[in-house]
Structures are given as structure tokens and as C-alpha cells.
Amino acid sequence: MLTGILVLFAAVAVVGLTMAIGHFRGRSTPIVPLAVLHGLVAAAGLVWLLMIVVGPDEIGVGVKVALGLFLLAAVGGFILALGYHARKRRLSSRLILVHGGVAVVAFLVLLATVLGVL
């Protein structure tokens, strides 16, 4: 199950990185469809991970930490989507970096847990 979540979040990361590269290159290409895809698939991954955490099986602390970090990254994503995209403002480069950075750390924590490092 956790391996499937890792694959899902890896796909989300590829889309997010694509959008971030476009942002930092100053592209004015509309990325709303990519942003919606990114958000919906990330939300699905969060729900899936949450179901595992609150499920009947004992789960390691690494999974719980990863969930918390992914939720924090999701807050940044909501701010980007609703505070910037929806208002047609240029996205905050700092927030993009924080959002992506927190998500990458969450992914690495989850990966380390799956690999048995944590």
C-alpha cells in the first residue's frame, strides 16, 4: 500500500516540478489544468495515506510524520491555488519553494519508512 502511495506522490512531484520550472523560467503558459491535476492527485494520495494512518493496523511513526508534512505542504498548495491562481496573481516564488521543499521532505520520510530506514 505504501509503495503505491509513493508512486502516486512521485507522479504528483513530476507535475509539480514541471509547473515550478515553468514558473521560474517566466513562462506565461496557462498551467491551470496541470495545477488541478496536481492538486487532485495529491489529495487522493493524502486521503489514501490518512486511511492507512487511522486504519486498524499499527503504523510506524515515519508514516505519521510524512502525513503531517504532506498536510503542511497541502496548506501551501491551497494558498497557491486560492490566494494566487484564483485571484490571477503571479505565484509567490518563495511559497512554491517552501511548498515543494516540504513535500519532498515528506516523500523522503515516507520512502525511508518503506525502505525500513526509519
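Where is the place of Val 32? Val 32 lies in helix α2. The model is a predicted one, in which local features need pLDDT of at least 70 and side-chain atom pairs count only at pLDDT 80 or more, while totals for chains, interfaces and linings use all residues. Residues are numbered from 1 along each chain as its sequence is written, and side-chain values use heavy atoms, with hydrogens and water left out.

**Overall build**

- The chain holds 4 helices and 0 strands, where helices (H or I, at least four residues) and strands (E, at least two) are DSSP runs numbered from the N terminus.
- Read from the N terminus on, the order of elements is α-α-α-α.
- The C-alpha trace spans about 45 × 20 × 20 Å along its principal axes.
- A compact globule of 118 residues would have a radius of gyration near 13 Å, and the 15 Å of this chain agrees with that. The radius is taken over C-alpha atoms, and the globule rule is 2.2 Å times the number of residues to the power 0.38.

**Burial, contacts and surface**

- Of the 118 residues, 35% count as buried; buried means under 20% relative accessible area, exposed means over 50%, and partly exposed is in between (1.4 Å probe, protein chains only).
- Among contacts (heavy atoms within 4.5 Å) with a separation of 6 or more, 64% join residues 24 or more positions apart.
- The chain exposes about 7300 Å², of which carbon and sulfur atoms supply 74%. Accessible areas come from the Shrake-Rupley method with a 1.4 Å probe, and for residues only the protein chains shown count as cover.

**Helix α1**

- Helix α1 covers residues 2–24, and its 23 residues should span 33 Å at 1.5 Å a residue; the end C-alpha atoms are 32 Å apart, which agrees. The expected span is 1.5 Å times one less than the number of residues.
- The buried residues of α1 include Leu 2, Ile 5, Phe 9, Val 12 and Met 19.
- These buried residues of α1 pack against α2 (32–54), α3 (61–85) and α4 (93–114).
- Ile 21, also in α1, is partly exposed, with a relative accessible area of 36%.
- Ile 21 and Leu 115 are 94 residues apart in sequence and 29 Å apart in space, C-alpha to C-alpha.
- Gly 26 follows α1 and has a positive phi, near 75°.

**Val 32 and its patch**

- Val 32 is partly exposed, with a relative accessible area of 47%.
- Together with Val 36 and Leu 40, Val 32 forms a nonpolar surface patch with about 280 Å² of accessible area.
- Like charges are joined within 9 Å, and nonpolar side chains (Val, Leu, Ile, Met, Phe, Trp, Tyr) within 5 Å.

How values were computed. Patch = residues over 30% accessible without salt bridge, like charges linked within 9 Å, V, L, I, M, F, W, Y side chains within 5 Å. Salt bridge = Lys/Arg side-chain N within 4 Å of Asp/Glu carboxyl O.
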